[in-house]
Amino acid sequence: MTDLPEAEETVEVEHPEGWITYEVFHQKKRGTQHTHVGIVHAPNAEMAIVFAKESFARRGATTNLWVVKSEDVTALDYDDSDIFDTTPEKAYREAGFYKTRDKIEQLKENEGHE
Amino acid sequence: MYGGGYTGEPEKKQEQAQDDPALLAEFEAKIARGEKIEPRDWMPVDYRKQLIRMIEQHAHSEIIGALPEGTFITRAPGFKRKMALMAKVQDEIGHGQMLYSAAETLGKTREQMFNDLLSGKSKYSNVFNYPAVTWADVTTIGFLIDAAAIVNQVINSKGSYGPYCRALERICYEEAFHLKQGHDAFVSLASGTPYQRQLAQDSLNRWWEPIMHFFGPSDKMSVHSERLMRWKVKLASNDDMRQQFLNTYVPKVWELGLTLPDPNLKKNAETKQWEFTEPNWDTFFKVINGDGPCNKERLAVRKWAEEKGRWVRQALINPKEKYTLPYA
């Protein structure tokens, strides 16, 4: 490179109008979920996919990528996380909560049959 | 790579901003509980400022750090070394991209960061103000500078700011390859002809002082940053990181029968601490403030890239879209 700018020369990067951020979702292989992996800057979705490939698919398996405009993400405010503090006891929503076999054994014992 | 080499004083006591005490207490409690801070959370003014500074300069270090290696791709010995070096350089630029994104979530645009690099306002890791003269220098960078950066980055990935931690985890995973390929290339020279061994030894002699500078001045010299430790912005002292580096990597040099240019370098059997000749810190400050062998060239190359690449960015302008801060 023979035409390097002088050290004193000022070079300013302009804000590239219309370049926005896209959230990138990466899918390792068919059948698995797309996972959020980061963001890229791009002027449109097609270029965002190109940049996402360079940034997030350099090694390992990739079968698919999604890009979504950051501004299209609607997120809950962390300050509102208390809406998840409903009843603290949710075991009744789990399969393991139901000890039916115990009751059947009890019933058999009471009835006196095998 | 190239994380977090020391780039200057982290903060000046008298400049501390005043925050709402109730919010501050809540913020500190969250960090004490081990929770991460996310971009849209409330955070102290100085926390935001320090993180922007730190992540931005880490990003610059990745970009500038790729320059000395990039020029060696055509000269790397053999096809496999060329492939590895290309992959590494591509990774480093990718790391820069991820880190710029993480800094951006805190409210500074990418273009502002680029401009602060080009104007000399933002620093980058000081080791990249030194030239890679021979291929052996490239192997020393890949082996020992990447190793030092990994020590730093693994520690920082346990920090409190979510986007930075996530970027660092991914970076550390990729750095593992950088270190291995660097070590492999370095050992190839060390186990080669007498001339190749001499190249490796000369390179160690050239790079030892910049490597000793990498983690920054001794804790005795630098401002004690207790608040940044409490906020998990800084997680280990300069001296602790340097000790950790020496402990792992000095034996890896010595086992090859090569030497390091410091007759006082040894591990004290009692204290378990490494002892060494204090590197010249005047040189360090002189270089980091612009007067090193490569400062001018590094920035000139960046300016050249900005100027020559401008038409591409302009050709892709999409005036219908309006910029907003990214989410994560």
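Which residues does B:Ile55 touch, not counting residues up to four places away in sequence? B:Ile55 touches B:Leu99, B:Ala102, B:Ala103 and B:Tyr164, where contact means that the C-beta atoms, placed from the backbone, lie within 7 Å. This is a predicted model, in which local features need pLDDT of at least 70, side-chain atom pairs count only at pLDDT 80 or more, and totals for chains, interfaces and linings use all residues. Residues are numbered from 1 along each chain as its sequence is written, while chains are lettered from A and ligands numbered from 1 in the order in which they are written.

**Nonpolar cores**

- The largest nonpolar core has 67 residues, and B:Leu51, B:Ile55, B:Leu99, B:Ala103, B:Ala148 and B:Ile211 touch the most other members.
- Two or more residues of this core come from each of α2 (45-70), α3 (79-104), α4 (110-118), α5 (135-156), α6 (162-190), α7 (194-213) and α9 (238-254) of chain B.
- With 11 residues, α5(B) gives the most to this core.
- Another core, of 11 residues, lies apart from it and includes A:Trp19, A:Ile20, A:Tyr22 and A:Ala42.
- A nonpolar core is a set of buried Ala, Val, Leu, Ile, Met, Phe, Trp, Tyr and Cys residues joined through C-beta atoms within 7 Å.
- A residue is buried if 20 or more other C-beta atoms lie within 10 Å of its own, exposed if 12 or fewer, and partly exposed in between, with C-beta atoms placed from the backbone.
- Helices (H or I, at least four residues) and strands (E, at least two) are DSSP runs, numbered from the N terminus.

**Helix α4 of chain B**

- The buried residues of α4(B) are B:Arg110, B:Met113, B:Phe114, B:Leu117 and B:Leu118.
- These residues lie on the same side of α4(B), because they cover an arc of only 135° around the axis; the arc is that of the directions from the helix axis to the C-beta atoms.
- An α-helix has 3.6 residues a turn, so residues three or four places apart point the same way.
- The cover over the buried residues of α4(B) includes β2 (35-42) of chain A, together with α2, α3 and α11 (295-315) of chain B.
- After α4(B) comes B:Gly120, which has a positive phi, near 85°.

**Helix pairs in chain B**

- α4(B) and α11(B) pack with their axes 10 Å apart, at an angle of about 140°, which makes α4(B) oblique to α11(B).
- On the α4(B) side the contact is made by B:Phe114, B:Leu117 and B:Leu118, and on the α11(B) side by B:Leu299, B:Arg302, B:Lys303 and B:Glu306.
- By class, this contact of α4(B) with α11(B) has 4 nonpolar, no polar and 3 charged residues.
- The axes of α6(B) and α7(B) cross at roughly 130° and come within 7 Å, and the two helices are therefore oblique to each other.
- From α6(B), B:Phe186, B:Leu189 and B:Ala190 meet B:Gln196, B:Arg197, B:Leu199 and B:Ala200 of α7(B).
- The contact of α6(B) with α7(B) has 5 nonpolar, 1 polar and 1 charged residues.
- Axes are lines fitted to C-alpha atoms, for helices over the stretch in contact, and angles run from 0 to 180 degrees between N-to-C directions.
- Angles under 35 degrees count as roughly parallel, over 145 as roughly antiparallel, 65 to 115 as roughly perpendicular and the rest as oblique.
- Ala, Val, Leu, Ile, Met, Phe, Trp, Tyr, Cys and Pro count as nonpolar, Asp, Glu, Lys and Arg as charged, and the others, Gly among them, as polar.

**Contact between the chains**

- Chain A gives 31 residues to the contact and chain B gives 36 residues.
- On the side of chain A that touches chain B, the elements with two or more residues are β1 (20-27), β2 and α1 (45-56) of chain A.
- β2(A) gives the most to that side, with 4 residues.

**Single residues**

- B:Lys232 is in the loop between α8 (226-230) and α9 of chain B, and has a positive phi of about 55° although it is not a glycine.
- B:Lys232 counts as partly exposed, with 19 C-beta neighbours inside 10 Å.
- B:Tyr173 lies in helix α6 of chain B and counts as exposed, with 11 C-beta neighbours inside 10 Å.

Technical notes:
Contact = placed C-beta atoms within 7 Å.
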